[in-house]
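This report describes selected features of one protein model. Please keep the sequence and the structure at hand while reading.

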Amino acid sequence: MDMTDVLIVGAGPTGLVLACDLARRGAAVRIVDRSPAPPRTSRAKGPNPRSLEILDDLGVAEEVLAAGSAPLPMLKYRDRRPVAEADPWADSVPSPDAHYDRGWLIAQWRLEGILRDRLAGYGVRVEPGREVVGLAQGRDEDDRSAGGDGGHVDVTYADGPAGRARYVVGCDGAHSSVRKLLGITFEGTTAEDQVMVCGDVDLADGVLDRTRWHQWFDEDGAVMLCPIPGTRTGWWFQAGPERDGRGRPLAPTADGFRRLLAHHTALPSRDLTRAELLSTYRVNVRMADRFRAGRVLLAGDAAHVHAIAGGLGMNTGIQDAFNLGWKLGLVLAGHADAELLDTYEEERLPVAARTLDLTSERLRATLEAIRRPGGGLDTAITPDTTGLGVGYRWSSLAARGRAPAAERPGPHAGDRAPDAPCTDAATGVRTRLHRVFAGPRTTVLGFGPGSAAVLRETADAYGGDAGVRVCRVYAAHEDRAGAEPGAVVDDAGHASAAYGAGASGDTGAGTVVVVRPDHHVGVLAPADDARSVGEYLRRLHGTGRSAERSPGMVDAVR
């Protein structure tokens, strides 16, 4: 039976991001989906700033930006009349440490198409119509190929031959077959009274201003219409449902949408010319009690679902995938022990739990706000919904440098690594630190002349195919004659400010920062603390190319 490294079940944004990340690492990946064709559903409205950083790392951010639009001001109505307008992003601008200051509007089906095309560039295509109905974990002592230890998962499909994979990741949504096959509980609540009907509709050309997200909130219901980027007459339609004589919500229909439109807005029902992809949304707040069962893992809605407020559903899944991809990659390559995969649940389960709480609170605040004229969905948007503040300080992968964290300026271990504008030391071309980080590698930044030794030892031990890059960050006043390849110049001082690393460092020896492949700080330490750097790299990447060739690094990790 043919063996693949990772089988991904579910080809939504979570599964596609994971597949792209693994494929660019050279892993053998299959991605299957039970749908016979890519679904064109009315779901997420786009990536938040943190997800845009991830899409940038995968090389598709520019295409996403071109296919979508900036988030729109919200025009709010009561009794069919406009009463207020709000732009939650009016005062937002990119900062040196965060290139993306706002999310982006793009239809989920369009984002998925961009990711499928990216994945196809690695020679991997989604396999449609493949429903997983059985999983059995086992061992085969004859399977000792690269990255293998004899463990595998046998996969049974509803139709067609069975398959085998070293790891399986369930990205197959809230009703996940993978989760159910594992017997993992999905505890939580469903608010039967909090119901919304959704769909994609066409409105007659010119009847509404497409530069606004229109929101009618009345005492007896609501209608929300947001223009779909890349279309001339397409809109996302969301509304409180029609109800029967006993108060029970009715299923969405095109005629029902027309009646809701005529009831709440000043538009005649005939202006809604098409309605499709109709669905009913109920507020579910649920989370799996574990994200890993041996060689099978869960990500995205398969692991957690929550209130729609704040738009964090798809985004949390994308960020799950980016946390998991590099860990699977290092384990499959034989650099890291399989125990590294335990840190996926260690880091992402608390984030999911907090997201459930955050979205429930934002929903409560929004429902309270719309009772008053002028209230709207802007209430759901806070700095917490950007994703930029998510970190893992509690993680066992958040190594503590020699100086106490409380005394250290800049980010702590586990935090998102700040971006910063800089220039390439060799060419003078403008770049950013997140572009330096981009790609499937761990990055070691060195600030100050004292960092040169540990960077040199790291490059000697882990250069080539070991998955580590080094980057000397020069201050504007430093002599950079003979600068190492890949070095950058912090010409405006933003990088040193962001990392709390002056040219001389906090001990006079310089500063070294180990940045994980998912843009989170692993170690931030004085440059003469080579032991912390070496031990951390050894955990993720083994001993490197040759222990004998780097005696300094070997000594540091003993």
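## Strands β19 and β20 and their sheet

In this predicted model, strand β19 (residues 468–475) and strand β20 (residues 488–490) run parallel and are joined by three bridges. Within this pair, Val-473 faces Val-488 of β20. Both strands belong to an open sheet of seven strands with mixed pairing, whose order is β17-β16-β20-β19-β18-β21-β22. The edges are formed by β17 (430–432) and β22 (521–526); each has a single partner strand, so one side of each lacks a neighbour in the sheet. From one strand to the next, the twist averages 30°.

Helix α10 (residues 452–462) lies across β18 (442–447), β19 and β21 (511–515). The direction of α10 makes an angle of about 160° with β19.

## The sheet of eight strands

Another open sheet contains eight strands, again with mixed pairing, in the order β4-β3-β9-β10-β11-β8-β12-β15. Its edge strands are β4 (81–86) and β15 (304–305), each of which pairs on one side only. Strand β3 (residues 74–78) is antiparallel to β4, and five bridges connect the two. One of the residues involved is Lys-76, whose bridge partner in β4 is Ala-84.

Helix α6 (residues 254–264) touches β8 (186–203), β9 (213–218), β10 (221–227), β11 (234–239) and β12 (272–288), and its direction is at about 90° to that of β12. Helix α8 (residues 342–369) touches β8, β12 and β15, with an angle of about 125° between its direction and that of β12.

Most residues other than glycine have a negative phi. Arg-80 is located in the loop between β3 and β4. Its relative accessibility is 42%, and Arg-80 therefore counts as partly exposed, the range for that class lying between 20% and 50%.

Leu-277 is situated within strand β12. With a relative accessibility of 28%, Leu-277 is likewise classed as partly exposed.

## Strand β1 and helix α1

Strand β1 (3–9) is largely enclosed by the rest of the structure, because six of its seven residues are buried. β1 pairs in the parallel sense with β7 over six bridges, and Thr-4 stands opposite Ala-165 of β7. β1 also runs parallel to β2, to which four bridges join it; here Val-6 is placed opposite Val-29 of β2.

Helix α1 comprises residues 13–24. At 1.5 Å a residue, its 12 residues should span 16 Å, and the end C-alpha atoms are 17 Å apart, which agrees. The helix is mostly covered, with 12 of its 12 residues buried; among them are Asp-21 and Arg-24, as well as Leu-16, Val-17 and Leu-18. The elements that cover the buried residues of α1 include β1, β2 (29–32), α2 (49–57), α4 (108–120), β7 (163–170) and α7 (313–332). After α1 comes Gly-26, which has a positive phi near 90°.

Rolling a probe the size of a water molecule over the atoms shows where empty space is left. How many cavities of 30 Å³ or more does a search of the whole structure find? The search finds four. The largest cavity has a volume of about 90 Å³.

The lining of the largest cavity consists of Arg-50, Ile-54, Gln-319, Phe-322, Asn-323, Arg-348, Gly-387, Val-390, Tyr-392, Arg-416, Asp-518 and His-520. Helices α2 and α7 each supply at least two residues of this lining. The most is given by α7, which contributes three residues. Both α2 and α7 are also among the elements that cover the buried residues of α1.

Notes
Residues are numbered from 1 along each chain as its sequence is written. This is a predicted model: local features need pLDDT of at least 70, side-chain atom pairs count only at pLDDT 80 or more; totals for chains, interfaces and linings use all residues. Side-chain values use heavy atoms; hydrogens and water are left out. Two strands pair if DSSP finds at least two bridges between them. Contact means heavy atoms within 4.5 Å. Axes are lines fitted to C-alpha atoms, for helices over the stretch in contact, and angles run from 0 to 180 degrees between N-to-C directions. The expected span of a helix is 1.5 Å times one less than its number of residues. Buried means under 20% relative accessible area, exposed over 50%, partly exposed in between (1.4 Å probe, protein chains only). On a 1 Å grid over the protein atoms alone, a cavity is a set of points where a 1.4 Å probe fits but cannot get out, and a pocket is an open set with protein on both sides within 12 Å along at least five of seven lines; lining residues have an atom within 4 Å of a point. Grid points are joined across faces, edges and corners, and a volume is the space filled by probe spheres set on the points.
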